Amino acid sequence: MIGGRIRAVAIGASAGAVEALLQILPSLAADFPVPILVVVHVPPDRSNALVPLLQAKCQIKVKEAEDKEPTHPGVVYFAPADYHLLVENDGSLSLSSDEPVNYSRPSIDVLFESAADAFAPALTAVVLTGANEDGARGLKAVMDLGGDGVVEDPAGAYAQAMPAAALGACPSARSMNLDSIAHYLQSLEAA
Amino acid sequence: MSAGRESVEDIEIQVLLEALYQRYHYDFRNYARASIKRRLLQAKEQLDFASISAMQDSLLHDRAMLPRLLNYLTVQVSEMFRDPSYFRALRTKVLPHLRTYPSLKVWVAGCSHGEELYSLAILFREEGLDARTVFYATDINPDALNAAEAGVYSTEQIRKFTENHQKSGARTSLSDYYVADYGRAIFDKSLRNRVVFSDHSLVTDAVFGEMHLISCRNVLIYFDRPLQDRAIGLFRDSLARKGFLGLGSKESLRFSSHADAFSDFAPEEKIFQRRTA
């Protein structure tokens, strides 16, 4: 799927997520060709302050994902605090209150595994900075189904553990710095 | 689901859910599929089946498989006073209305292990309404109902429950309501003197009483849209005029064909009121 056509982008980030997302999302055009689904680890009782913060700086629309919402191109959907975000096979979104995965709710693995089922191989999954190992298993699920795996270069990441674990599970994923990830996403086209 | 996206596993899941319905009348066919798939794959792995089909074969021929599988398909973790601001809104906004009725019926729909039920029972006692209230706690999973009726939680959970309770505007201490015993917190049985525990399905069962408050939190998110609509219709038909419906913080009536039957009462806490008409 290198440089290929996709139906969605899924992004997971933890410690250092805000800075990393601020380097990527504001660079995307308002008519970005596919939906972007994002899980960021945030404390359960924190309302999602990320959405207004990023919306103020982005051309692309940024919103909190709602249960059973259809997904549209040019929109970034954030998992709400304290809920998992999943993709149904028809491309719509579901929330769940199931137990935390990797001590996390929302969990990146939960998003990636369901997004793989719904979209792969036409899916680009991106693992960014983080201090845990969430996302590694999910990225492997995406790549096992022929999807496209991108990982922030651990050497330059705010927290290395999460991208390093993703590369450990998926050695063939492409590792790049945040600027290159931004450029890469800009080059994607809809399937 | 769109045509052509079904993997072999998706087909196996479809067939298992059909078998579960035909054989035991538990209907998960209109549950949101992505979560069901996660849970069935977890069951397959932990119960050591080679495939979902193998698990389905066992389910059809061995009745003992039913409760084991139900515990994967239904049980959700929760907390007492989860989202304390919801309970604070019930305390400060809803209970002043309920106080005007001589007797009250409260339905906790999808009560799971009872965390929400005990939260409400404690809240109503603190506010002096417990003696005039009957609670109905329903679930489709008999094991969950038994756990709810037992009212025993691990002491590891109690710290969080206590913190939530305090944030809900507590008038008492949570420790007034349980005794700790070897790592377990056993809740006072007087809290369930006026609780009816019952098997009831939002998918297949009907109205069973006229309620003043229905609390159903983080249950509807597991349903697809048409099934959500059925459940909300059931709530509408179960509520007294001006009765209240409380949903989970990410649940909504917005897409329901029954939305007009309700007004926003405390929208930030997803508390709705049945209209009079």
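What follows is a chat about a predicted model with chains A and B.

Visitor: Hi! How many residues does each chain bring to the contact between A and B?

Guide: Chain A gives 17 residues and chain B gives 15 residues.

Visitor: Which elements of chain A supply at least two residues of that side?

Guide: That would be β6 (84–87), β7 (93–96) and α3 (108–119) of chain A. The largest share comes from β7(A), with 3 residues.

Visitor: You mentioned α3 of chain A. What angle does α3(A) make with α4(A) where they pack?

Guide: About 10 degrees, and the axes of α3(A) and α4(A), residues 136–144, are 7 Å apart. An angle under 35 degrees counts as roughly parallel, so that is the word for α3(A) and α4(A).

Visitor: Which residues meet there?

Guide: From α3(A) you have I108(A), D109(A), L111(A), F112(A), E113(A) and A116(A). Their counterparts in α4(A) are R137(A), G138(A), L139(A), A141(A) and V142(A). By class, this helix contact has 7 nonpolar, 1 polar and 3 charged residues.

Visitor: Let's move to the sheet in chain A. What is the strand order?

Guide: The order is β4-β5-β3-β2-β8-β9-β10 in chain A, an open sheet of 7 strands with parallel pairing.

Visitor: Why is one side of β4 and of β10 in chain A left without a neighbour in the sheet?

Guide: Because β4 (61–64) and β10 (174–176) of chain A stand at the edges, and each has a single partner strand. From one strand to the next, the twist in this sheet averages 20 degrees.

Visitor: How many bridges pair β9(A) with β10(A)?

Guide: There are 3 bridges between β10(A) and β9(A), residues 148–152, in the parallel sense. In one of them, V151(A) has S175(A) of β10(A) as its bridge partner.

Visitor: Which strands does α3(A) touch when it packs on the sheet?

Guide: It touches β2 (8–13), β3 (36–40) and β8 (123–127) of chain A, and the direction of α3(A) makes about 170 degrees with that of β2(A). Helix α6(A), residues 178–186, lies across β2, β8, β9 and β10 of chain A, at about 150 degrees to β9(A).

Visitor: Switching to chain B: how many helices and strands are there?

Guide: Chain B has 9 helices and 10 strands. Its radius of gyration is 19 Å, close to the 19 Å that the globule rule gives for 277 residues, so chain B is as compact as a globular protein of that length.

Visitor: Where are the domains of chain B?

Guide: Domain 1 of chain B covers 8–74 and domain 2 covers 84–274. Over C-alpha atoms, 28 Å separate the centres of the two domains. At their contact, 10 residues of domain 1 of chain B meet 11 residues of domain 2 of chain B. Helix α4(B), residues 65–74, gives the most to the domain 1 side, with 4 residues.

Visitor: One last thing: what is the strand order in the open sheet of 3 strands in chain B?

Guide: The order is β3-β5-β4 in chain B, and the pairing is antiparallel. The strands β3 (152–154) and β4 (178–181) of chain B are at the edges. There are 4 bridges joining β4(B) to β5(B), residues 184–187, and A180(B) has A185(B) as its bridge partner in β5(B). Helix α8(B), residues 155–167, lies across β3, β4 and β5 of chain B, at about 95 degrees to β3(B).

Note on methods:
Residues numbered from 1 in each chain as written. Chains lettered and ligands numbered in written order. Predicted model: local features only at pLDDT ≥ 70, side-chain atom pairs only at ≥ 80, totals over all residues. Contact = placed C-beta atoms within 7 Å. Domains from an automatic or database assignment. Pairing = 2+ DSSP bridges. Axes fitted to C-alpha atoms, helices over the stretch in contact; angles between N-to-C directions. Parallel < 35°, antiparallel > 145°, perpendicular 65-115°, else oblique. Nonpolar A, V, L, I, M, F, W, Y, C, P; charged D, E, K, R; others polar. Rg over C-alpha atoms; globule rule 2.2 N^0.38 Å.
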